[in-house]
Amino acid sequence: MRTGLYQMKDSNKIVLLAIVGGMTAWLIDGVLDWLVFQTDQGSLLDMLFFKVPGHDIFVRCLILLMMLVFAWIAARMMERRRRMEAELDKSEKLFTSIVEQSPFPIWIADANGENIRHNQAFAELIGLDENAGKIISYNLLEDNVLQQQGHLEKLEKVFLRGEPVSFISDYDISQVKQLNNPDGSRRLLEITVFPVADRQGCV
């Protein structure tokens, strides 16, 4: 079980550190006044608390206030980032659940057409057992069967223009060079490919 600072929120830690930093600045300024600048004005306790000159009080309080303001801003930013990360994690888990549980073959590529994720239905479609540890290395834009059928030009619209496409393919899995699966079957597939863009509009 964590105790002390480990149980505190990061935002509270930042505020606490700001207070400690401000009081440390107060202490250092008082010691310097007592040792160097105002040696005849009283004891160290006087320079720290009881006989602090007005302008020193103003400077010390200003430093403490600035530290607290910056700590508050940093805490708000951290809290906002934490909420965004939590929402992103929730969305990622939901998306993963939808992909993995879908009865339809789903395949996801990066901006270069390279496979980065697929579900079990897709693995079974092309005749590979994903659970057996066979990683499917496949690039959609280098598919020789789709190229022979003249579909690559359609697919380029997805990656270059961000336009969704849909077409029918008499797909012979045994002829796909990348998959190297001579036992694959021939199937009539309705293929739909659509882009997913980031905030900058990049696929």
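I looked up which elements line the largest pocket, and found that α3 (54–101), β1 (107–109), β2 (115–118), α4 (120–125), α6 (152–161) and β4 (186–193) each supply at least two residues; helices (H or I, at least four residues) and strands (E, at least two) are DSSP runs, numbered from the N terminus. The model is a predicted one, in which local features need pLDDT of at least 70 and side-chain atom pairs count only at pLDDT 80 or more, while totals for chains, interfaces and linings use all residues. Residues are numbered from 1 along each chain as its sequence is written, and side-chain values use heavy atoms, with hydrogens and water left out.

I noted that α3 gives the most to this lining, with six residues. The lining has 37 residues, and Ile106, Trp107, Ile108, Ala109 and Phe194 lie nearest the centre of the pocket. A pocket here is an open set of points on a 1 Å grid over the protein atoms alone, where a 1.4 Å probe fits, with protein on both sides within 12 Å along at least five of seven lines, and lining residues have an atom within 4 Å of a point.

I then checked the volume, which is about 1200 Å³ for the largest pocket, taken as the space filled by probe spheres set on the points, with grid points joined across faces, edges and corners.

For the whole chain, I counted six helices and four strands, in the order α-α-α-β-β-α-α-α-β-β along the sequence. Of its 203 residues, 27% count as buried, meaning under 20% relative accessible area with a 1.4 Å probe, protein chains only.

Note on methods. Buried < 20%, exposed > 50% of the residue type's maximum accessible area, 1.4 Å probe, protein only.
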